[in-house]
Amino acid sequence: MEIIDLLAANLRRLRRLRGLSSAELARRAGVGPATLSLLERSQGNPTLETVTSLASALGVPVTDLIDGARRPPVTVVRADQGARVTRPNLDLRFMHRFSSSGLDTVEFYEMIVLPGQEYRSRGHAGVENIVVTAGTLTAGPVDQPVTLSAGDFVAFSADAPHVYSTTGDVAARAVLALRHAQGDLAPEPISGSVILSLADEIPDADWQE
């Protein structure tokens, strides 16, 4: 693939990832809308200044615009794979972590909450995004928990104490996406998981109150 084709593919991909229109990206980069339109169609002969301005507006290094337009590899995590952290009434399975230049870092977990006493976390970095897939789950900040059914969604900052619980005799199942905003501290532990890394360091008594 020619460099102009790589540039065009990466401009389109990164602009869409950031939710920017062509006009807005052109405005932020200080280039003409017609120039950007040509570049996204693999036309024109951009100067280094133009490419640098576009990279800056997208929040990526110049190399991200002229290299790596290949599709990311397919990642498969089987049901019996993934590191786990198990606490009374709570089981988390770490499935995947991804990030991209200038974008948020997101970790995906399978969550199972068993009936019984509520599980309380003392808090950690990031924003939790939870979709319930089965059962009834109560989750959220200690002072503002919400009860969710299958198909419901909740998002909340995880930096304060928060709880998970379920009622009845059936476990609640959910998918948890832990998001770290661009620029936030998002450690890269060996396990790849912030929550699992914390679980290795914090005694059970500090996690379950």
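1. Buried residues account for 38% of the chain's 209 residues. Keep in mind that this is a predicted model. The chain has 7 helices and 10 strands. Its accessible surface is about 11400 Å², and carbon and sulfur atoms contribute 53% of that. If you take the contacts with a sequence separation of 6 or more, 66% of them join residues 24 or more positions apart.

2. Just past the end of helix 4 comes Gly59, with a positive phi of about 75°.

3. Leu25, Ala26 and Ala29 are its buried residues. Viewed down the axis of helix 2, they fall within an arc of 100°, so they line one face. Ala23 and Arg27 are exposed on the other side of helix 2. Among the elements covering the buried residues here are helix 1, helix 3 and helix 4. A glycine follows directly after helix 2 as well: Gly30, whose positive phi is about 70°.

4. Have a look at Arg15 while you're in this region. It belongs to helix 1. Is Arg15 buried or exposed? Arg15 counts as buried, because its relative accessible area is 10%, and the cut-off for buried is under 20%. Leaving aside residues up to four places away in sequence, Arg15 touches Leu20, Ser21, Ser22, Leu25, Glu40 and Leu58.

5. Now for the aromatics. How many aromatic pairs does a search of the whole structure find? It turns up 2. One of them is Phe94 with Tyr109, a tilted pair with 5.5 Å from centre to centre and 55° between the planes. Phe94 is in strand 2 (residues 90-98) and Tyr109 is in strand 3 (residues 105-113), so this pair links parts of the chain 15 residues apart. Phe94 is buried at 9% relative accessible area, and Tyr109 is buried too, at 0%.

6. Tyr119 and Tyr164 also pair up. Their ring centres are 6.2 Å apart and their planes meet at 15°, so this pair is stacked. Since Tyr119 lies in strand 4 (residues 119-121) and Tyr164 in strand 9 (residues 162-165), the pair ties together parts 45 residues apart in sequence. Both tyrosines, Tyr119 and Tyr164, are buried.

7. Finally, something for the outside view. Which residues form a nonpolar patch on the surface? They are Val131, Phe153 and Val175, and together they have about 240 Å² of accessible area.

Conventions
Residues numbered from 1 in each chain as written. Predicted model: local features only at pLDDT ≥ 70, side-chain atom pairs only at ≥ 80, totals over all residues. Heavy atoms only, no water. Helix = DSSP H or I, 4+ residues; strand = E, 2+ residues; numbered from the N terminus. Patch = residues over 30% accessible without salt bridge, like charges linked within 9 Å, V, L, I, M, F, W, Y side chains within 5 Å. Areas by Shrake-Rupley, 256 points an atom, 1.4 Å probe, with all protein chains shown as cover. Salt bridge = Lys/Arg side-chain N within 4 Å of Asp/Glu carboxyl O. Buried < 20%, exposed > 50% of the residue type's maximum accessible area, 1.4 Å probe, protein only. Arc of directions from axis to C-beta. Contact = heavy atoms within 4.5 Å. Phe/Tyr/Trp six-rings, centres within 6.5 Å; stacked < 30°, edge-to-face > 60°.
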